[in-house]
Amino acid sequence: MKRLVAPLLLLTLFLLYAADAQAQTLDLDKLLPGAGSSVSGRMIQIFAVLTVLSVAPGLLIMVTSFTRFVVALSFLRSGIGLQSTPSNIILISLALFMTFYVMTPTFDRAWENGVRPLMENSITEQEAMVRISTPFREFMLAQVREKDLKLFSELAREKFKVTSEDVVDFRILIPAFMISELRRGFEIGFLIAIPFLVIDMIVATLTMSMGMMMMPPSVIALPVKVLFFVLIDGWNMLVGSLVRSVV
């Protein structure tokens, strides 16, 4: 009998808790408006917000200078000859904080002009979207190459029948901005890789002239390149140059 008391007691408590939970029903009227069209509009807004939050990392890459920074840092690691040092998380974190640093004026304008008034219910959602997107549009227009912008504008007119307007469509501006950032990232990466390539050539010539056939030149070149990068204060120079290239 004692063995049956504990299970029966637990079952009784569970039934009492379930009955109490059923009595507490959720009032949907407090979450959604009463009219049918208003409910549909609110559901669409919630779905749109969840969609934006799910693609937030992609938006960060598309409309900021993150692409330029991470490409240049990747070229640095490849030029030195290190496969996993610094690790990917370190390079991405450094590129991310550099992006926040150079994009702070844009973020502040979007917050002050669009997000804060929307939270205070002083403007509508449509007006808030325009105010939030305007600082990013101006930033991308200042950084995009005219050639890339012209390319996507012509493609849009040919393929999608998008006519040119006073305000550049984001469907045209964002891909043009991205390939412009990729081009600048590769240009900076080329300048980064040249000194390390020269060191590799010098070390290879010296090892061949000394008859050191069995030792790979990369074994000797790696510490030389690391020492060279440290002596010239490479991190300071590289990060400063990358930030100044945007600002």
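Good morning. The lining of the second largest pocket in this protein is made up of 11 nonpolar residues, 2 polar residues and no charged ones. In that count, Ala, Val, Leu, Ile, Met, Phe, Trp, Tyr, Cys and Pro are nonpolar, Asp, Glu, Lys and Arg are charged, and the others, Gly among them, are polar. This is a predicted model, in which local features need pLDDT of at least 70, side-chain atom pairs count only at pLDDT 80 or more, and totals for chains, interfaces and linings use all residues. Residues are numbered from 1 along each chain as its sequence is written, and side-chain values use heavy atoms, with hydrogens and water left out.

Let me stay with the pocket. Its volume is about 250 Å³, where a volume is the space filled by probe spheres set on grid points that are joined across faces, edges and corners. The term pocket stands for an open set of points, on a 1 Å grid over the protein atoms alone, where a 1.4 Å probe fits, with protein on both sides within 12 Å along at least five of seven lines; lining residues have an atom within 4 Å of a point. Why use a probe at all? Rolling a probe the size of a water molecule over the atoms shows where empty space is left.

Which residues lie nearest the centre of the second largest pocket? They are I192, F229, I232, M237 and L238, out of 13 lining residues. Helices α8 (170-209), α9 and α10 each supply at least two residues of this lining, and α8 gives the largest share, with 5 residues.

Now to the fold as a whole. The protein has 10 helices and 0 strands; helices (H or I, at least four residues) and strands (E, at least two) are DSSP runs, numbered from the N terminus. Of the 247 residues, 26% are buried, where buried means under 20% relative accessible area, exposed over 50%, and partly exposed in between, with a 1.4 Å probe and protein chains only.

Axes here are lines fitted to C-alpha atoms, for helices over the stretch in contact, and angles run from 0 to 180 degrees between N-to-C directions. Angles under 35 degrees count as roughly parallel, over 145 as roughly antiparallel, 65 to 115 as roughly perpendicular, and the rest as oblique. A crossing is left-handed if the near helix is turned anticlockwise from the far one by less than a right angle, and right-handed if clockwise.

With α9, α8 packs at about 140 degrees, the axes being 9 Å apart; the two helices are therefore oblique to each other, and their crossing is right-handed. With α4, the angle is about 20 degrees and the axes are 8 Å apart. That makes α4 roughly parallel to α8, and this crossing is right-handed. With α6, the axes come within 9 Å and cross at roughly 45 degrees. Helix α6 is thus oblique to α8, and the crossing of α6 and α8 is left-handed.

Between α9 (217-231) and α10 (234-246) is a loop that holds D233. This residue has a positive phi of about 55 degrees although it is not a glycine. Is D233 buried, exposed or partly exposed? D233 is partly exposed, at a relative accessible area of 43%.

V246 is found in α10 and counts as buried at 7% relative accessibility. The C-alpha atoms of V246 and S65 are 7.5 Å apart in space, while the two residues are 181 apart in sequence. A142 belongs to helix α6 (residues 125-143) and is exposed, with a relative accessible area of 61%.

What separates the C-alpha atoms of F69 and L242? The distance is 6.8 Å, for residues 173 apart along the chain. F69 lies in helix α4 (residues 66-80) and is buried, with a relative accessible area of 0%.

N113 is partly exposed, at 35% relative accessible area, and its C-alpha atom is 10.0 Å from that of E127, 14 residues apart along the chain. Thank you.
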